[in-house]
Each structure stands twice: as structure tokens, then as C-alpha cells.
Amino acid sequence: MPVKKMGYEGLLYYGAAGSTAATQVTNSRDIEYAITPTTAPTTIRGSGSSPPIETGRTVSRNVTLTWTMVNKSDDSTLTALRAAANSGDPVALRYIPHTGSTGLDADCVISCTNGAPLGGEQTFDFSLVALNDDNRTPLLNS
């Protein structure tokens, strides 16, 4: 019988750039991971008897990863991720949808925004800005 996976089963890890991330980010919610191909046109004119059909080929893949963390004063992971975002230094990130599956394993430059709604807890929203290739090749299915 197929098992439906739930959002809380998604696992996010961080660590020092140059190695696979091993510290689990437990103070997180609303993780979103996406891979979007970029294409270049390969359309040709053809015989001129009808309009050409637009075609293309993939030339690159863009990766996005976002997540939210609650502002907890004793969270050393939050402190480290905020410092990385503030300095622009890459960190290792690993995301998998559930135990035993594959996903992102890469060194990443991240950004951070702080939300402070009047009627709720403070949060930090993190986004992947760029995959960094200084120390290792990004893996999308590891």
C-alpha cells in the first residue's frame, strides 16, 4: 500500500561549506524546494508551409530552497544561519523530502528576512541566493 508523505517528514540540514550538511534544522517550517529548467530555443523555420512549432532544449537548471524559522534566542542553528546570510559566506545545505529519499546537497549562499507581525511570533525567512561551486559540485539527487 502506498504511503502518503507529510510536510513534517521533510528534512533540512546545514553545516560548514565544503562538506555534506549534518546538523538538522529542527526549528523550521514551510520548507519549499524547486528545480526549474531554463531552456534555449531550437525552433527552425521549416518548409514555410505552416508556422513553426516552438521547440527548445534545457541549458541550465535553477534551484530554489526557502524555509522559515521561529526567532528563538537560544537556537544556535538560527544564529549560525543568520550570520552566514549577513556575511554572504556559503554554508552547506541538504534537503530531502523524507528519510531515504534524494534531494539537494550543495554549498549555498543564503539571504534572510525578519518578520515581526503585531499579532504573532517573530520569524526569519531564508532563501537560497546561489549555489556555490568553490569547494564542491552541487548535487540535486543525492
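**View 1. Cys108 and its bridge partner in the predicted model.** In this predicted model, Cys108 has Leu131 of strand E7 as its bridge partner. Strand E6 covers residues 104-115 and strand E7 covers residues 123-132. The two strands pair in the antiparallel sense, over nine bridges.

View 2. Seven strands make up an open sheet, with antiparallel pairing. Their order is E2-E1-E5-E6-E7-E4-E3. At the edges are strand E2 (23-24) and strand E3 (29-41), each of which pairs on one side only. Helix H1, formed by residues 76-87, packs on the sheet. The helix touches strand E1 (11-16), strand E5 (91-96), and also E2, E4, E6 and E7. Between the direction of H1 and that of E6 the angle is about 90 degrees.

View 3. Thr68 belongs to strand E4, which spans residues 56-70. Its relative accessibility is 12%, so Thr68 counts as buried, the cut-off being under 20%. The side chains of Thr68 and Asp125 are joined by a polar contact of 2.6 Å. Apart from neighbours within four places in sequence, Thr68 is in contact with Asn27, Ser28, Arg29, Asp30, Thr123, Phe124 and Asp125.

**View 4. The largest pocket.** The largest pocket holds about 170 Å³ of space. It is lined by 13 residues, and the closest to its centre are Gly7, Tyr8, Gly10, Ser28 and Ile31. E1 and E3 are the elements that give two or more residues to this lining. E3 gives the most, with three residues.

Methods
Residues are numbered from 1 along each chain as its sequence is written. This is a predicted model: local features need pLDDT of at least 70, side-chain atom pairs count only at pLDDT 80 or more; totals for chains, interfaces and linings use all residues. Side-chain values use heavy atoms; hydrogens and water are left out. Helices (H or I, at least four residues) and strands (E, at least two) are DSSP runs, numbered from the N terminus. Buried means under 20% relative accessible area, exposed over 50%, partly exposed in between (1.4 Å probe, protein chains only). A polar contact is a pair of N or O atoms within 3.5 Å; within protein, one must be able to donate a hydrogen and the other to accept it, and residues adjacent in sequence count only if both atoms are side-chain atoms. Contact means heavy atoms within 4.5 Å. Two strands pair if DSSP finds at least two bridges between them. Axes are lines fitted to C-alpha atoms, for helices over the stretch in contact, and angles run from 0 to 180 degrees between N-to-C directions. On a 1 Å grid over the protein atoms alone, a cavity is a set of points where a 1.4 Å probe fits but cannot get out, and a pocket is an open set with protein on both sides within 12 Å along at least five of seven lines; lining residues have an atom within 4 Å of a point. Grid points are joined across faces, edges and corners, and a volume is the space filled by probe spheres set on the points.
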